[in-house]
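Me: Please show me the sequence and the structure, and then take me through a few parts of the fold.

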Amino acid sequence: MFTKILIANRGEIACRVAATARRMGVKTVAVYSDADAGAKHVAVCDEAVCIGPAAAKESYLRGDKIIAVALATGAQAIHPGYGFLSENAQFAQACAEAGLVFIGPPASAIKAMGSKSAAKSLMEKADVPLVPGYHGDDQDADLLQQQADKIGYPVLLKASAGGGGKGMRIVENSADFKAALASCKREAISSFGDDKVLVEKYLTRPRHIEIQVFADTHGDCIYLFERDCSVQRRHQKVLEEAPAPGMTQERRKAMGDAAVAAAQAVGYVGAGTVEFIADYENVDSSGDGGAFYFMEMNTRLQVEHPVTEMITGLDLVEWQLRVASGEPLPLKQAQLTLRGHAIEARIYAENPEKGFLPSIGTLRHLRMPAAREFEVTSAASQEAIVRIDSGVREGDAISPFYDPMIAKLIVWAADRQQALASMANALAQYQIVGLASNINFLQRLIASEPFAAADLDTGLIERHQDALFPVSQPVDIAVLALATAALLMAERNATDTGANPWTKTSGWRLNSQLQRQLIFVDDGKSSPIAVLYQSGGWLLEHGQHFTQMTLRQNSGSDYVISLGEREVRGTVVLDGAQFQVFTGGRQHTLGYVDPLAHAGEAETEGGRLTAPMPGKIVAVLVAPGDQVKKGAPLLIMEAMKMEHTIAAPTDGLVEELLYAVGDQVAEAAQLLAFKANI
């Protein structure tokens, strides 16, 4: 076994690898960029070395620097985690040439599976079922369109060197093909340095089922069951679970055998995942029927590996270290057992209501449910288990340079129904302030009828937009009351400075009572509330209804109030001009209109179109003087390695372009001058 390894990654996966290494008595070396000098993964490793500026291409993607650090610190092996250099065949080869063990498959296997088109050819020879499509080298746009017409629409364009949902476009008809192809190629060259694409038949309601495989250097290869990763947004996974609902033993074995055949076809070693799309529409009540097709192989440890760990009780990182050091697989196929059900939710800094745009900022308040951190559990008892894998702490920043993941929340229980209940309970306890998160969306998602009933496919989110993105309802009086209590206590703490009667905020008035009008803003709508100060409490008036409020308990940001006959508990965090209210397992954001604020500070955008987040202009689709219709694409930004189209808010005239292709823009920067038609 190694005595020291270098972890060539950051965030939660670097912390995850370090946790297993520490348990095994293996020393760890962290590498970090300037932006990550104070990051959690730096703190949890035994040593840490800076490798460059914040941009990944100047730090985490600099294989030469990483290898130099490994040699200088005496590391014997490099664990690449996922992303960055984890599937880079040149890096794996460079490690071997430097005398370092790459904790992953050989460079030849990475190269074989790194090109989606080449991998399809290999799988065809290995009798692994494939989706009908074109995987050739000729990338002429007319030829690709002809192939798509021949396959039949809808088709899926996929970057040949891609992954993580990037460089993918669904094309519904021939007329839209060329524009989608150009966009797909732009994103592919930006993300992977290779704009080659393949064209495949797009199944309208497929399940995304992946098989965890493991192979050693002694010729053994096994599969550790399956994961269902069907619930996705923009081709990126949101929820993962194991085992796959509705999976029969016969189908599991067939898919497992196909995955092992795929791995053996490329001489695979270590942990890998073979991804399939499966047709469940034609499966009968006994579980028979329906086809499955090879999609791709990820030659690394997957983000969602914890659900496999929880149903098997096995530490896959430990297996990686053992196999990489030359040991045989710890278990044979017949020795593996599957127990219970596990679900993983990816908690991201993003705004689901704004097209899942990543959110950037500081985690000013972070409260998590009680959980085990990075702990693999054999699940010997029947009690539900909650696990959190995270690479950030309260006070850390989510920057524009890297993936905006905050944590992975994993639950295990004896069956799927109990696991769902455990996940709902854990999500209700999560509190995040300082940036947008997908917590509320995840709560709606796991409670939705199709997910609860395991009616899964990759289009679930898009198909159930109305349920998952409901029209906002007027804010409940309990939320307003908690915000009011927090405001009143903040004012009291800020102004009550001793015996001076003029600084008191008790509301005392000579021969009268103080009455104030507070105005909160919920989802752009004003929610006024009148507050009448009384002895021992307040009388609230909202919507012509009167309610008595008493503060019963206040500890920091936690409040217990009486609202008439009702007891209300919650947490209120003041975040600038906003009140973040957590109550009833939900988060509510209320703005506060300060009557003492300077008039005119709340500026409307008028005819301006602004950048939703920091990024780069990759395409300008209009010119000054153009008349455009509402919804017409004006320009395309790239942010967090994803393309975002800026569209016309209404019919109007493009008056001026303020940025050109290649320009970097800041969040909220005015991109162009636009005049609406009257």
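Reply: Some questions and answers on this model follow. The model is predicted, so local features need pLDDT of at least 70 and side-chain atom pairs pLDDT 80 or more, while totals for chains, interfaces and linings use all residues. Residues are numbered from 1 along each chain as its sequence is written, and side-chain values use heavy atoms, leaving out hydrogens and water.

Me: In what order do the five strands of the open sheet run?

Reply: Strands are DSSP runs of E with at least two residues, numbered from the N terminus. Two of them pair if DSSP finds at least two bridges between them. The edge strands, each pairing on one side only, are S3 (47–52) and S5 (101–102). With parallel pairing, the order is S3-S2-S1-S4-S5.

Me: Which residue of S3 is the bridge partner of Val-29?

Reply: Strand S2 covers residues 27–33. S2 and S3 pair in the parallel sense over five bridges. In S3, the bridge partner of Val-29 is Glu-47.

Me: Is Ala-345 buried or exposed?

Reply: Ala-345 lies in strand S17 (residues 341–348). Leaving aside neighbours within four places in sequence, Ala-345 has contacts (heavy atoms within 4.5 Å) that include Val-238, Leu-239 and Met-423. Buried means under 20% relative accessible area, exposed over 50%, and partly exposed in between, with a 1.4 Å probe and protein chains only. The relative accessible area of Ala-345 is 0%, so Ala-345 is buried.

Me: How far apart in space are Ala-345 and Val-411?

Reply: In sequence, Ala-345 and Val-411 are 66 residues apart. In space, C-alpha to C-alpha, their separation is 8.8 Å.

Note on methods
Helix = DSSP H or I, 4+ residues; strand = E, 2+ residues; numbered from the N terminus.
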